[in-house]
Amino acid sequence: MKFITIPHIAAVAVLLMCISCVKDTDFDQAEDITLTPVVELDLIYFDLIAEDFIDPETELPTLTLRDTTELRFLDDSFSRESIRRADFYFEFTNSIPREFEVDFTFLRGSNNESTYQTATTVIAGTPQNPQQTIFEETVEGETIDDLTRASKVVVSVTIPSADASLEGSLNLQSKTTYYLEL
Amino acid sequence: MRTLLICLFAFWGGTSIAQNKQLLYGMDEVPQHLLLNPGGKVSQKVHIGIPLLSQLHVNAGASGIAAYDIFQENAGDINDRIRTAIFDMEAEDFFTATEQLHLLDFGWRARNEIYFSGGVYQELDIISYFPRDLAILAWEGNRDYIGYPFDLGELNVSGEMMTVYHFGANKALTDALTVGVRAKLYSSMIQFSSTDNQGTFVTEVSEDGDNIYRHRLIDADVSLQTAGFASLQELDGANAVTSELLGRSLFGGNIGVGFDIGATYDIGRNWTVSGSILDAGVTFYGKDVETYQVNGSYDLSGIELIFPPLGEGEETIPYYSNLEDDIEERVGLDTITNGYTRLRPLKVNAAVEYRFGLPVGSGAACDCKNLNGAIDTNQAIGGQLYTIFRPKGPQLAATAFYYRKLWQFLSAKATYTIDPYSFSNIGLGVVADIGSFNMYLAADNLLWYNNLAKAKSVSLQLGLNIKIGEDD
C-alpha cells in the first residue's frame with residue numbers, strides 16, 4: 001500500500017491547500033486536549049457481628065480483626081498516570097455498644113511495604129439505635145503517588161473490649177471518587 | 001482515548017455523503033462515469049486510463065461538526081468546545097473517510113457494438129457513527145450520571161481496504177436505450193466492523209444492596225469482527241506489513257463477488273432518465289478472521305471482606321482474583337475465528353436530465369434519420385438522487401445540476417446537493433479533451449473553500465485518460 005494510499009492522499013491534501021485555505025484554526029491545540037472524567041466506584045464492604053470478636057474455640061475476645069484484599073487496578077500504569085485525586089467515602093453503621101478503631105493500610109504488592117495509611121474512629125451504637133459514622137478522606141497532590149504505588153489494602157477493625165454477651169453489628173459501605181486526567 | 005478523539009475530529013469535512021460522485025455521474029466525457037452507471041452513454045471508441053492517475057477520489061467528512069468548531073483560534077479552552085460538541089452531536093452523526101484510486105482502467109468498442117471496459121481500483125472506506133453515550137462517559141465519567149443508562153449499542157464503526165477488479169459490458173440496445181452490467185471481484189486486504197451492538201451500563205444507588213452503588217452491565221452484546229488484522233500483528237516492521245498487504249490485493253486475502261447494473265433511456269429529443277445499482281455484492285471472510293465478543297450481564301458492588309479466622313502465615317481469601325474470574329466467566333472476552341460474510345454497501349443512483357440550447361456533436365447529423373431521437377445540446381439541467389446503504393440505514397442525497405459544453409473541448413457541470421446534514425453544498429466539475437488526452441477535476445463544498453476548516457466535508461475527484469473518439 002506504500003505506493004498507493006498515503007502519498008496520494010497527501011498530494012491531494014496539498015492540492016486542496018493550494019486552491020483553498022484553512023483559516024483561523026490552530027491544530028496545535030490538540031496537545032491541550034485533556035479528558036477529565038470523574039469516576040465513582042464501589043470499594044469494599046463488610047458486615048461484622050459482635051460474635052466475630054469472640055474466638056469460637058477459646059471463647060476469648062479477639063480484639064482486632066484484620067482482612068486484606070488486592071486492588072490490582074490501583075498500581076497499574078493507567079491508574080498511575082491518570083489518577084490525580086481520590087476521594088474515599090466510608091459509611092459505617094454501628095449497633096454494637098463499643099467504639100471501634102478502623103485502620104486502612106495500603107501496601108505495595110511485592111514486599112508489603114506500607115505506602116499510604118488512614119484511620120478513623122467509629123462511634124458506638126446500640127442494637128435499638130444504630131449510629132452512623134461517615135469518614136471521608138481526600139488524597140491528592142504528592143500523596144496520590146503513594147496511593148497508586150499500592151496494590152492491596154489491609155483493613156483492621158479494633159474493639160476496645162468484648163465479651164460473649166455483646167450484641168449488634170458493624171457494617172461498612174464505601175466508595176471512591178477518582179478524578180482522572182487522560 | 002485522546003488519540004481516538006483527535007482522529008475522530010481529524011475527519012473533518014462530511015456533509016456530503018461518502019462516495020456520492022454527483023459531479024461525475026452522467027458526465028459522458030469522462031470514461032470513468034461507467035463506474036457510476038455501467039449503462040451510461042459511451043461516446044469514445046477506446047479509452048486507457050493513465051495508471052494511478054485515471055481516477056483519484058477522496059472524501060472525508062463529519063455530519064454535525066467541522067474542524068473549525070473544535071480548532072478555532074482565540075476562543076477559550078479547546079476542551080470546553082469539545083464538550084459542547086459532544087453534547088450537541090447525536091448518535092446518528094457520523095464520521096467518514098473514503099478514498100478510491102484507479103490503478104488500471106481501459107475500455108474499447110468491439111465489432112458487435114458492445115463497449116467493454118475493465119480495470120482495477122483500490123478503495124478505502126471507513127465510517128464511524130458517533131457513540132455519544134460512550135463519549136460522555138469517557139469525557140465526564142459516571143459521577144454526574146448516577147442512574148443514567150449508557151447505551152453501548154451506539155458503538156458502530158466499520159472500515160475496509162480492498163482492491164476491486166472489474167469488467168463490464170455496455171450496449172445501446174436501441175436508439176433510445178443503453179444498458180450495461182459490470183462484474184466485480186473484491187480482494188479484501190483489511191476489514192473490521194462493530195455494528196450490531198447492544199447493552200447498557202448504569203451506575204445506580206443501591207437502596208437495599210450490599211454497598212453504596214451497583215455498577216450494572218445489562219444484556220451486553222458487543223463484538224468486533226476483524227479480517228486481516230491478526231496475522232499483521234505477528235509481522236515485523238512496516239515493510240513486512242506492506243508486502244503482506246500487497247499480496248492480499250492480488251487475491252491473497254478474502255474474496256468477494258458483486259455486480260453493478262445500469263441503464264439510460266432517452267424520452268423524445270430532450271429528456272433522458274438513467275439509473276444504476278452499484279456494488280450489489282458480498283464478501284466472504286474466512287482467512288485470518290478474529291471476532292472479539294463480550295456477552296452477558298454483571299452487577300458489581302465492590303469487594304466484600306468476610307474476615308475469615310486465619311492462623312499464623314495463612315493467606316486470606318483471594319477476593320480480587322475471585323472477582324476477576326467471576327467477571328471473566330460471566331462477561332469475558334471471547335475470541336472466535338469463525339468466518340463470516342458481509343454485504344457490500346449498496347449504492348443506488350437515479351437521474352433525470354433535460355437538454356436545451358444549441359445542438360452539438362454528432363447528434364445533429366443524425367437528426368434527419370432519427371427525427372424523434374435524442375439530440376446532444378450544449379446545455380442541460382437535471383436532478384439526481386444518490387443512496388448508500390449504511391449500517392444504520394440508507395443515507396440519501398439529492399442533487400440539482402446544470403451542464404454546459406463551453407467549447408468543443410471543454411465541458412463543465414455545476415451541482416447543488418442537499419442531504420439531511422447540509423443545504424449548502426455547491427460543486428463544480430470540469431472536463432477537458434485536448435487531443436487524445438482527457439482530463440477532469442471535480443470538487444464539492446466550494447462555498448467553504450475560502451476556509452476549508454469550516455466545511456463539514458471535502459470531496460475531490462480528478463483523473464487523466466487517453467481517449468480515442470469515434471471520429472479519430
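How many helices and strands does chain A have? Select chain A in this predicted model and colour by secondary structure: there are 3 helices and 8 strands.

Keep chain A selected and turn to its packing. Of its 182 residues, 47% are buried, and the accessible surface of the chain comes to about 8900 Å², with 50% of that area belonging to carbon and sulfur atoms. If you display contacts between residues at least 6 apart in sequence, 82% of them join residues that lie at least 24 apart.

Next, move to chain B and select residues 78-88, which form helix α3 of chain B, together with residues 132-140, which form helix α4 of chain B. The axes of these two helices come within 10 Å and cross at roughly 150°; since angles over 145 degrees count as roughly antiparallel, α3(B) and α4(B) are therefore roughly antiparallel to each other. Looking at how one helix passes the other, you will find that the crossing of α3(B) with α4(B) is left-handed.

Finally, show the side chains where the two helices meet. On the α3(B) side, select Asn79(B), Ile82(B), Arg83(B), Ile86(B) and Phe87(B); on the α4(B) side, the residues they meet are Arg132(B), Ala135(B), Ile136(B), Trp139(B) and Glu140(B). Colouring this selection by residue class shows that the contact of α3(B) with α4(B) has 6 nonpolar, 1 polar and 3 charged residues.

Definitions and conventions
Residues numbered from 1 in each chain as written. Chains lettered and ligands numbered in written order. Predicted model: local features only at pLDDT ≥ 70, side-chain atom pairs only at ≥ 80, totals over all residues. Heavy atoms only, no water. Helix = DSSP H or I, 4+ residues; strand = E, 2+ residues; numbered from the N terminus. Buried < 20%, exposed > 50% of the residue type's maximum accessible area, 1.4 Å probe, protein only. Contact = heavy atoms within 4.5 Å. Areas by Shrake-Rupley, 256 points an atom, 1.4 Å probe, with all protein chains shown as cover. Axes fitted to C-alpha atoms, helices over the stretch in contact; angles between N-to-C directions. Parallel < 35°, antiparallel > 145°, perpendicular 65-115°, else oblique. Left-handed = near helix turned anticlockwise from the far one by under 90°. Nonpolar A, V, L, I, M, F, W, Y, C, P; charged D, E, K, R; others polar.
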